[in-house]
Amino acid sequence: MISQKDIINAGTTSINNLILLHLQDLEMSSDEFLLYCNLKMFQEQQVFFPSTQQLMTNTGFSEGQIYQLVQSMIQKHFIKIDSQTVKGQKYQDYYDLSPIYQVLLGEQLNSHTSANLNDIQTLFQKIEVEFGRPLSPIEQQTIQAWIVDDHYSVPLIMLALKEAVLNQAYSLKYMDRILLNWEKNNIKTPEQLQNYNKRLEGY
């Protein structure tokens, strides 16, 4: 029988609200969500690779169901199984629960923009080539915000990159100033930029 002390000592499991809000977009089944929540609970208890028996006990699923659900979530890129060394011991498997956030990002980009993920990946690579270095996670988030929040098109960002390179200013801050200036002049497409430049040149 569960006591009040058991309830107090049980603790809580934190699930990112974005997962809850986008279950339908993610096409995550209720069984997958229950298993994901259990994996998250174990992770917060520092159990990074719970046994199949532990998962069966908590969820009521059979061994076969656990296996099928894990494989399904791996295929959907919600989770992955990786290995790591622990205190000098041999490699130990663990459940990585972070891939689902990349899926969420992809859903957000697809729902807010006409750009596909290949275009965005190409943009990242182009900037890295021109800057001569990899983009940091914060820089990647900045570019994603340009697309999702500011609604700048990928071709327009490419033009901002071109102008920054011509001025030997290899920074996103410089590109951001360019994009803001264009936005103030109601420039949202390469065609509008071309017409704007023609007006400046007196054509």
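Buried means under 20% relative accessible area, exposed over 50%, and partly exposed in between, using a 1.4 Å probe and protein chains only. This is a predicted model, in which local features need pLDDT of at least 70, side-chain atom pairs count only at pLDDT 80 or more, and totals for chains, interfaces and linings use all residues. Residues are numbered from 1 along each chain as its sequence is written, and side-chain values use heavy atoms, with hydrogens and water left out.

**View 1. Salt bridge between D96 and K80.** The two side chains meet at 4.0 Å, N to O. A salt bridge is a side-chain nitrogen of Lys or Arg within 4 Å of a carboxyl oxygen of Asp or Glu. D96 sits in strand 2 (residues 91–96) and K80 in strand 1, so the pair ties together parts 16 residues apart in sequence. Strands (E, at least two residues) and helices (H or I, at least four) are DSSP runs, numbered from the N terminus. D96 is buried at 15% relative accessible area. K80 is partly exposed at 38%.

**View 2. Salt bridge between E32 and K76.** The N to O distance is 3.1 Å. E32 belongs to helix 4 (residues 30–44), and K76 to the loop between helix 6 (63–75) and strand 1 (80–85), so the contact ties together parts 44 residues apart in sequence. E32 is buried, at 3% relative accessible area. K76 is partly exposed, at 29%.

**View 3. Salt bridge between K126 and E130.** Their side chains meet at 3.4 Å, N to O. Both residues lie in helix 8 (residues 117–131), four residues apart, or about one helical turn. K126 is partly exposed at 37% relative accessible area. E130 is also partly exposed, at 27%.
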